Amino acid sequence: MIELEGLTKRYGEKVAVNNLSFTVRPGIITGFLGPNGAGKSTTMRMVLGLDRPTSGDVRIDGKHYDQLKDPLTYIGALLEAKAWHGGRSAYNHLLCLAQSNGIPASRVREVLDTVGLTAVARKKTKGFSLGMGQRLGIAGALLGDPRMLMFDEPVNGLDPEGIHWIRNLMKTLAAQGRTVFVSSHLMSEMALTADHLVVIGQGRLLADTSMAEFIAENSRSYVRIRTPQREQLLDALQGAGIKVAEPGAEALEVDGDIAQAVGELAARHQIVLHELSPQRASLEEAFMQLTAESVEYHAHDGQPPGAAPGQQQPGQPPQQPWGSDWKRG
Ligand SMILES: Nc1ncnc2c1ncn2[C@@H]1O[C@H](COP(=O)(O)OP(=O)(O)OP(=O)(O)O)[C@@H](O)[C@H]1O
């Protein structure tokens with residue numbers, strides 16, 4: 001287990017991590033989610049003893065990182081891609097790591113094989129692509145066959161095949177009973193990978209919940225309806241005891257997976273429908289609402305210089321602010 005208790009890190013005036021307490025458990029993938037600058041990397045660095053907490057504590061199986069004997073056999077980490085000497089081959093990079101950590105040299109070939117780098121093992125790493133670099137970083141994390149693994153944004157910059165491979169690798173590692181702690185700023189990525197979710201914003205804990213609970217609470221299903229006979233449909237729906245929301249002048253929304261019932265009701269009342277579409281609120285939207293207050297870097301409004309907000313330029317469609325989703329809630 002990785003246990004954080006009241007973990008805080010300040011850089012001068014800046015509080016990067018603010019009184020974080022949570023536990024990362026074995027046998028599952030714990031997703032560590034937060035917008036850019038939320039404090040994920042700083043937290044991970046403190047787990048590894050690379051940054052000293054201003055206050056609070058973080059322990060790995062009850063010990064501080066520097067108290068672990070042969071730490072790579074306890075916890076393996078991918079923090080920064082390409083954190084190695086570019087003049088060395090992938091094999092030599094891993095061999096140095098193995099030799100300085102009491103790990104048998106035979107393990108180097110095994111991990112190169114696991115990450116699919118055997119064919120380029122003797123090539124200098126400075127020519128490696130981002131994806132190859134991530135794979136080499138992961139090979140380093142796996143070298144000590146550790147029970148805990150920590151990956152900071154491992155899918156960043158990877159192609160779909162690489163993303164698929166990392167997801168499956170993390171699932172396999174968790175299924176072997178290992179502790180897998182992975183950060184991301186993308187809810188959609190976490191929804192596909194994580195069993196448990198820890199969400200932070202501006203260094204503070206915003207949620208510590210199972211993925212299943214988060215999905216159940218936040219992925220509301222509803223039906224969107226458009227009709228030229230709005231008042232008649234409102235009466236019919238209310239008469240049938242169906243609550244209606246009116247999010248705008250155009251559309252109506254009713255809660256639940258009841259498109260069929262609404263269609264039949266409209267047909268009975270001879271009401272014309274222009275749209276009857278089942279919808280599901282996205283998890284990304286739920287995440288953005290949860291973190292809206294703590295997003296550090298808002299997009300600007302996207303107005304051309306000199307244009308007043310909402311002002312339409314001649315011959316141009318109306319302007320939509322870019323960052324509006326992020327500011328909602
Ligand atoms: N060495 C440092 N000195 C000063 N400020 C720092 C330092 N390291 C991080 N910070 C600040 O602490 C905050 C948290 O940064 P951190 O890199 O941990 O966030 P993050 O969640 O990993 O973000 P991202 O997803 O963008 O990588 C940011 O505001 C960052 O600018």
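For sorting residues here, Ala, Val, Leu, Ile, Met, Phe, Trp, Tyr, Cys and Pro count as nonpolar, Asp, Glu, Lys and Arg as charged, and the others, Gly among them, as polar. The model is a predicted one, in which local features need pLDDT of at least 70 and side-chain atom pairs count only at pLDDT 80 or more, while totals for chains, interfaces and linings use all residues. Residue numbers start from 1 along each chain as its sequence is written.

Let us start with the ligand. By the classes above, the shell around the ligand holds three nonpolar, seven polar and two charged residues. The surrounding residues are Tyr11, Lys14, Ala16, Gly34, Asn36, Gly37, Ala38, Gly39, Lys40, Ser41, Thr42 and His185; a residue is near a molecule if its C-beta atom, placed from the backbone, lies within 6 Å of it. Strand S2 (14–24) and helix H1 (40–47) each give at least two residues to this shell, and H1 has the largest share, with three. Helices (H or I, at least four residues) and strands (E, at least two) are DSSP runs, numbered from the N terminus.

Two sheets come next. Strands of a sheet pair through backbone hydrogen bonds, either parallel or antiparallel. Two strands are taken to pair if DSSP finds at least two bridges between them.

| Strand order | Pairing | Average angle between neighbouring strands |
|---|---|---|
| S2-S1-S4 | antiparallel | 20° |
| S11-S10-S12 | antiparallel | 25°, direction ignored |

In the open sheet S2-S1-S4, S2 and strand S4 (55–60) stand at the edges with a single partner strand each, so one side of each has no neighbour in the sheet. Strand S1 (residues 2–11) pairs with S2 over seven bridges in the antiparallel sense. Here Tyr11 stands opposite Lys14 in S2, and both residues also belong to the surroundings of the ligand. H1 lies across S1, S2 and S4, at about 120° to S1; axes are lines fitted to C-alpha atoms, for helices over the stretch in contact, with angles from 0 to 180 degrees between N-to-C directions.

The other open sheet, S11-S10-S12, has strand S11 (251–255) and strand S12 (275–280) as its edge strands, each pairing on one side only. Strand S10 (residues 221–226) and S12 share six antiparallel bridges, and Val223 stands opposite Pro278 in S12. Helix H9 (residues 259–268) lies across S10, S11 and S12, running at about 160° to S12. How many of the six residues of S12 are buried? The count is zero, and S12 is hardly covered.

Finally, consider helix H3 (residues 106–114), where Val108, Val111 and Leu112 are buried. A residue is buried if 20 or more other C-beta atoms lie within 10 Å of its own, exposed if 12 or fewer, and partly exposed in between, with C-beta atoms placed from the backbone. Seen down the axis of H3, the buried residues fall within an arc of 105°, so they line one face of the helix; the arc is that of the directions from the helix axis to the C-beta atoms. These buried residues pack against helix H2 (90–99) and helix H4 (130–142), contact being C-beta atoms, placed from the backbone, within 7 Å. The face turned away from the buried side of H3 carries the exposed Ser106 and Asp113. Just after H3, Gly116 takes a positive phi of about 80°.

Key
Two residues are in contact if their C-beta atoms, placed from the backbone, lie within 7 Å.
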